[in-house]
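Welcome to a short tour. Open your viewer, and we will go from one selection to the next.

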Amino acid sequence: MQCSVCKEKPATVFLTHIENDKMHKVNLCEDCAKKKGVDNPTTFSLADADLLLGLGAAQEVVQTAGGVDLKCPRCGFSQADFKKSGRLGCPDCYQVFAEGLAGLLKTMHKGTRHTGKTPEALRSSRDAAERLKLLNKKLAKAIESEDFEQAAKVRDELKALASPAAEPAKK
Amino acid sequence: MDLYEFLITPAEATRLHGPHDRIVMSSRVRLARNLKGAAFPGWAKKPERIKIMETIRPAVESLPEMKDAFSEVMDNLGALEKQILVERHLISREHAAKSSGSGLVLNREETFCVMINEEDHLRMQALRPGLQLREAWSAIDKFDSALEKKLDYAFNNDLGYLTACPTNLGTGIRVSAMLHLPGLVLAEQINPIIQSVNKLGLAVRGLYGEGTEALGNVFQVSNQMTLGETETTIVERLDKVLLQIIEHEENARQTLLEKKPKVVFNHIGRAYGILANAHSISSKETMNLLSLMRLGVDLGLFPEVNRSLVDELFIVTQPAHLQKQFSDKLTAEERDLLRSDMVRDRLKNVSRPNVKPPKPEN
């Protein structure tokens, strides 16, 4: 988990702050915690917490869009709405607000790329896309090294991949 | 369908056992899923929410796991029924507040519970007694794989399953366990444990989840991060951490008995004294004292008492469960009187704690 302030160092100080029945969490690295006076809880005021917390993160999303209030064309959800609720309007919002969300996701999660389960229907198409990429690379390499025998073989494989009907017949 | 007739009775529920159930009360794995091209429940208007539910509910009901399930829309459930479901940890407090456009599907064995249109279109959970995170994950994984053939999930290759709140993005998984940790609380070691668990990116919450107190020394431990790791990695990490917490709790109990036996006996003796003799008692006090009695049972101070007696009281003394047994609407004060009557009655044949236990039960 990254520090929510400098977004560089790993967070080691974890603060939870409850205001108006809403819980806010902030993760800080040791240096930022010292800078903000968080290492000494008696001097740390709630106002400071507000600046650091989840609300601050949502604010950041709004600012990165250059002041214009971006709206999701599918569901009409705006960045102001996100700032208010911390939730998005529909799945498409992730594309619309992608730029601002990237930084937020980095502070929130272990990584920014999904590595877990994938629906089976998409898994096969994703595998095919990856195989295509790999074969194209192989082809380029074969041509570069003037290994035309290999290039012809790869080309045939690519052809087979492009016409899915041929694939099961071969098996 | 009548919810009260459908639900497993508290007595039956406390007879379910699982590994480490002396400390781990239950395990749960929840997955968040949403439909492609539809607004999330918090943003969708009522007609859209109803349409979404009408797509999801039959799909969920058609799964073999959901044969003879209890399936209902939230508008058809009364406030008391909803509160009972919260006290049984089957639905969240947030879901209990929903009405039109939200629903619930619960299987016979109460091992699968699906909330429709909570924060996400679908929140499916697998529940198991004791420490059984791997079993719960594999069960809900299979459930989800069957469901994805019937529903069009919102999924993106880079971001995974798309969820209403970015904190659930990716795997949409929340792996959690409910732990009874009276030893760590009495030994005043609970705070450093919570802090070190937090540092591993895991959350520690109270009895009813987010933002609630650890009533009865019951804590929920769960993962917070959902993106950038596989489900298995998350499950394995939590399992490892839980085994360590179990060890710390066992050590704390052992050390307390060796170093401060009087403190332990004092707490447990007083808990027994109040529970067995009070004529008015709040739900909160009951839970905290039952927790100490449960510890007493674990330590062999009540040789003739089975832990399920205490666990059952833990369930039936909660406000909605208590109210359910009486037809008239009770005030909080009336509930406190009736609660104490019930507890006294159930403990009438339980003798005082035996402070020279033969040998702690293992």
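A residue counts as buried if 20 or more other C-beta atoms, placed from the backbone, lie within 10 Å of its own. Select chain B: 49% of its 362 residues are buried by that count. Before going on, note that this is a predicted model, where local features need pLDDT of at least 70, side-chain atom pairs count only at pLDDT 80 or more, and totals for chains, interfaces and linings use all residues. Residues are numbered from 1 along each chain as its sequence is written, while chains are lettered from A in the order in which they are written.

Stay with chain B and colour it by secondary structure: there are 14 helices and ten strands (DSSP runs, H or I of at least four residues for helices, E of at least two for strands, numbered from the N terminus). Along its principal axes, the C-alpha trace spans about 65 × 50 × 30 Å.

Next, select residues 133-147 and 231-259 of chain B, helices α6 and α9, whose axes come within 10 Å and cross at roughly 160° (the axes are lines fitted to C-alpha atoms over the stretch in contact, with angles from 0 to 180 degrees between N-to-C directions). Show Leu133(B), Arg134(B) and Trp137(B) of α6(B): they meet Glu231(B), Val235(B), Leu238(B) and Asp239(B) of α9(B). Contact here puts C-beta atoms, placed from the backbone, within 7 Å.

Finally, bring in chain A. Which chain gives 37 residues to the contact, and which gives 31? Chain B gives 37 and chain A gives 31. On the chain B side, select β6 (155-156) and α8 (190-199), the elements that give two or more residues.

How values were computed
Two residues are in contact if their C-beta atoms, placed from the backbone, lie within 7 Å. A residue is buried if 20 or more other C-beta atoms lie within 10 Å of its own, exposed if 12 or fewer, and partly exposed in between; C-beta atoms are placed from the backbone.
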